[in-house]
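Colleague: I would like to learn how to read a structure. Could you take me through some features, one at a time?

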Amino acid sequence: MNMLLHAGKKPHVCEVCNKSFTLKGNLNYHMLLHTGEKPHVCEICNKSFAHKLSLNNHILIHTGEKPHMCEICSKSFTQKGHLHEHILIHTAKKPHVCKICNKSFTQKCHLNEHMLCHTGEKPHVCEVCNKSFTQKGHLNEHILIHTGKKPHVCTVCNKSFTLKGNLNNHMLLHTGEKPHVCEICKKSFTEKSRLKSHKLIHTGEKPYVCEVCNKSFTQKSNLKKHILIHTREKLRKLHV
C-alpha cells in the first residue's frame with residue numbers, strides 16, 4: 001500500500017466516472033456518491049449520510065460542540081473546513097477569484113453567490129409575492145415584510161426594524177456619525193443612498209423624469225413634489 005502511495009499509482013477505478021484511487025476503501029467510499037446510499041443515520045433526528053465523517057460532523061450540531069478553534073480570535077467551529085475558511089479573514093487571502101470580473105473572495109460559497117450577479121439567476125423565490133433573490137439571506141429578510149416582524153430593535157429608543165441594515169442606518173442618527181463622504185465637496189451623509197443622490201448634483205445627471213411634461217430631476221423626492229403640480233391642475237379642471 002505504501003509503495004502505491006509513493007509511486008502515485010491508482011489501480012482502483014470507478015466504473016461509473018473513471019475516477020481512480022490508490023486504495024480500494026477510497027473507491028468504496030466514492031461509490032456511495034453514485035448509488036445514493038446513505039448508510040450512516042443520526043440517532044437523534046434520523047438524518048442520513050453517505051459517509052461516517054459527515055455524520056460525525058452533523059452530530060456536533062446536536063451536542064453544540066465546536067472543537068476547532070481559531071488561534072487568533074478564539075472563535076470556534078464544528079468543522080475543520082469552516083475553521084480553515086475563517087482563518088482566511090485574518091490572513092486577508094482571497095483564493096476564490098471570479099473569472100469574469102476578477103473579484104476575489106475568501107470563501108467558495110461567496111464566489112458562488114457573486115456569480116449569480118453575472119448570470120442574472122435568482123433561485124430563491126418568495127412564496128407570497130414571487131419576488132426572487134440571488135441569495136437566500138436576502139429572501140429571508142424580504143419575508144419579514146410579509147410577516148410584519150421587526151426583530152432588529154434600537155437599544156437607544158426601542159424603534160424596531162425589519163432589516164438589520166436599516167437598524168444600522170438608524171443608529172447613525174444617535175451617534176451623529178456620517179461615514180459616507182462626497183469626494184468632490186467633502187459633504188458627508190449617514191446613508192450611502194443619500195450620498196449617491198447628492199453626487200448627481202455634481203454630475204448634472206437627472207435620471208427622474210416626469211411622464212407628463214418630461215421635466216427631469218436629480219432626486220426622486222423632487223419629482224414627487226413636481227407631480228403634485230399636475231395633480232392640482234387636474235383637480236382644478238374637474239371643479240371648473
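Modeller: Start with the largest pocket: the residues of its lining divide into three nonpolar, five polar and three charged. Here Ala, Val, Leu, Ile, Met, Phe, Trp, Tyr, Cys and Pro count as nonpolar, Asp, Glu, Lys and Arg as charged, and the others, Gly among them, as polar. The model is predicted, so local features need pLDDT of at least 70 and side-chain atom pairs count only at pLDDT 80 or more, while totals for chains, interfaces and linings use all residues. Residues are numbered from 1 along each chain as its sequence is written, and side-chain values use heavy atoms, with hydrogens and water left out.

Colleague: Which residues line the largest pocket?

Modeller: The general idea is that rolling a probe the size of a water molecule over the atoms shows where empty space is left. A pocket is an open set of points on a 1 Å grid over the protein atoms alone, where a 1.4 Å probe fits and protein lies on both sides within 12 Å along at least five of seven lines; lining residues have an atom within 4 Å of a point. In this model the lining consists of Lys187, Phe189, Ser193, Arg194, Ser197, His198, Ile201, Tyr208, Gln219, Lys220 and Ser221. The elements giving two or more residues to that lining are α8 (192–203) and α9 (220–239). Helices (H or I, at least four residues) and strands (E, at least two) are DSSP runs, numbered from the N terminus.

Colleague: How many residues of the lining come from α8? And what is the volume of the largest pocket?

Modeller: α8 supplies five residues, the largest share. The volume is about 220 Å³, where a volume is the space filled by probe spheres set on the grid points, which are joined across faces, edges and corners.

Colleague: How many disulfides does a search of the whole structure find?

Modeller: A disulfide is a covalent bond between the sulfur atoms of two cysteines. The cut-off is a pair of cysteine sulfur atoms within 2.5 Å. The search finds zero disulfides. Cys101 has none because its sulfur is 3.7 Å from the closest cysteine sulfur, in Cys98, which is too far for a bond. Cys129 is in no disulfide either, with the sulfur of Cys126, the nearest, 3.8 Å away.

Colleague: Is Cys101 buried or exposed, or in between?

Modeller: Buried means under 20% relative accessible area, exposed over 50%, and partly exposed in between (1.4 Å probe, protein chains only). Cys101 has 38% relative accessibility, so it counts as partly exposed. Cys129 is partly exposed too, with a relative accessible area of 38%.

Colleague: Which residues does His114 touch?

Modeller: Touching, or contact, means heavy atoms within 4.5 Å. Leaving out residues up to four places away in sequence, His114 touches Cys98, Cys101, Lys103 and Phe105. His114 sits in helix α5 (residues 108–119) and is buried, with a relative accessible area of 11%.

Colleague: How far apart are His114 and Thr134 in space?

Modeller: They are 8.6 Å apart, C-alpha to C-alpha, and 20 residues apart in sequence. Thr134 belongs to the loop between β10 (132–133) and α6 (136–147). At 18% relative accessibility, Thr134 counts as buried. Its contacts, again not counting residues up to four places away in sequence, are Leu116, Glu121, Lys122, Pro123 and His124.

Colleague: Which residue other than glycine has a positive phi?

Modeller: Most residues other than glycine have a negative phi. Asn102 is one with a positive value, near 65°; it lies in the loop between β7 (96–97) and β8 (104–105). Asn102 is exposed, at a relative accessible area of 59%. Lys186, not a glycine either, has a positive phi of about 70°. Lys186 lies in the loop between β13 (180–181) and β14 (188–189), and at 59% relative accessibility it counts as exposed.

Colleague: Where is the chain divided into domains?

Modeller: The bounds come from an automatic or database domain assignment. They give domain 1 (12–63), domain 2 (68–119), domain 3 (124–175) and domain 4 (180–237). Between the centres of domain 1 and domain 4, taken over C-alpha atoms, there are 59 Å.
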